[in-house]
Amino acid sequence: MLDESSVVLRTTPTQLALINDTLLGAFLMDKRMVCIYSTISGRLTGSTRELELRINFDSLVRNSLPAAELDSIELLSPETDKELQPNRLQAFSVSSGRLQLLYLVEYEYKPRTEAGRKAVLESLPAMLRDKYKDTPGAITGIGAIGFLINSNERLHDIKITTVQFDHLPRTKNGAYSLLPGPGFFADENAIYLRVIDNPENMARQPGQHIRSDEHLPLLAALKNSPLGYRWDREILNTADIPDYDLPPLNACYSTLDFARWNDSLLVSTEAGIFRIPDMKKAGIQKSLRPGEVSMGSVKITDKLLLYTAGKPSPKGYLVPDSLMLCLLNRTTGNVDARLEFPDIAFVLRNDTVMAIGKNKEHYFISRYAIRND
Amino acid sequence: MRSVTIKIVLLLLVLTGCGNGQDSPAGSTPLSLFAVARSRHPENTGKEYIFTANPGDCINCLNLLHIRLKEAGMNKAGNVIIVLRNHRMVEREDLLQSTLAGIDSSLIPLIWDDSLYRAVNREAEPQYREQSLLLIYDKHGNKIFCKPVKEITGTEKEVLEIFQ
């Protein structure tokens, strides 16, 4: 059973990652926090909420804003962090036993320059713009800075690096926007995450397929530099996938997963598994039945490829009752086993698959042993 | 008129005595929702205010719901009920310490019931369902208001009595 003495679960975690042999990281999207559980006892050993209490985000923002920008605004210290704090954590991944936590920290400011006041006024809804246009002193703007916090499994020994979230390159549809939630990976060199350039693609209507000339961006890379993680390039687009004929899933639900295999980093999307950075299709691919899509975790062993698949709902997430864990034999290319599965997130430790299950009163770690017959 | 009065009394008698999640107050019709609310306030002859609380709402929405519930409790406690899903005990305790903190359940009944929660959601526009809602019936059992709590400005005429 999972320990709920200090963090009560309301839904299953959207993402799981094995930190080491005995610790499991679980991302609770509704609470915007990562909880670390013992895989042996289910005990909660730590959470990002404790980490956030030790970090002065206000000071972090002040020290990260360029001097010129800081001079042009009056940064307002939050009177209470209670409303902003829970929304800051965007995504997490694990690399070499260390947690990579992506935060987006909002700050409120009063512009000091006339140009700044005008920019904030223009960004307001019309009703508020009319209200405040004659009282510019009352205008406050909201900005945001991204940070990557790298920590050990006890959420100590942290390193904080800024991450570029704004002033991204323009595209024909507007500009790129980063979507860290549904798929994110970071290490010391780069960040890989979902990207869009048209907000309309966040949620397509049922039956609204991608046209052959649309070419939706799917994945982007940010490179680590002396100025922090900065935009590098778009690295995967639907145009690069000749057989991409899947109905576009809601970008918020369409999760990616990343896996190290030999010396490569692989990314699993709904359109297949690709090798980073050349983004060629990897030799191993998921096998799907007609009408099926695959989202969520992917794990690779010498003999098997494990992934979750199911039928998409009209809104774009996998219908829970149709969810299956598939075990594909890498030698024969056949799916040796399919079993009903509680969620799209799972981890693999040796020959044991672990996921979070739920009965009427408790959440617990489900274990499935893989037998090599 | 007399036969109508008898029917309403019988309905109230059937529904009275439902504990918090002990029994499932039947009903998927608007009249039943009103009757359930009335059964908790048998002396009330005015409007009935039914809140739902979805713990999966956004953090700011839950903060706002907490504020509105406290306002409602101060102004119209005798006319308010709160309907929630049949959550696990540990989730109920968590809610009572957070979103529902400070709510006197002896004045404002909490009903933990999945079917009633769904019934209230059916009264809302499709795009509003599963958000924390406020549903208001007039004294005759007619629905006069149904909106997510976060969309309420406080200046709507139907809510002036409850949010002052």
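Visitor: Is Cys326(A) buried or exposed?
Guide: Cys326(A) is buried, with a relative accessible area of 0%. Buried means under 20% relative accessible area, exposed over 50%, partly exposed in between (1.4 Å probe, protein chains only). This is a predicted model, where local features need pLDDT of at least 70, side-chain atom pairs count only at pLDDT 80 or more, and totals for chains, interfaces and linings use all residues. Side-chain values use heavy atoms, with hydrogens and water left out.

Visitor: And what about Cys35(A)?
Guide: Cys35(A) is buried too, at 0% relative accessible area. Its closest cysteine sulfur belongs to Cys58(B), 20 Å away, which is too far for a bond.

Visitor: How many disulfides are there over all chains?
Guide: The structure holds 1 disulfide (a pair of cysteine sulfur atoms within 2.5 Å). The bond joins Cys58(B) to Cys61(B), S to S 2.4 Å.

Visitor: Which hand does it have?
Guide: The torsion about the S-S bond of Cys58(B) and Cys61(B) is about 85 degrees, so the disulfide is right-handed.

Visitor: How exposed are the two partners, Cys58(B) and Cys61(B)?
Guide: Cys58(B) is partly exposed at 38% relative accessibility, whereas Cys61(B) is buried at 8%.

Visitor: Switching topic: what is the pattern of chain B?
Guide: Along the sequence, chain B reads α-α-β-α-β-α-β-α-β-β, with 5 helices and 5 strands. These are DSSP runs: helices are H or I with at least four residues, strands E with at least two, numbered from the N terminus.

Visitor: How much of chain B is buried?
Guide: Buried residues make up 49% of the 164 residues in chain B.

Definitions and conventions
Residues are numbered from 1 along each chain as its sequence is written. Chains are lettered from A and ligands numbered from 1 in the order in which they are written.
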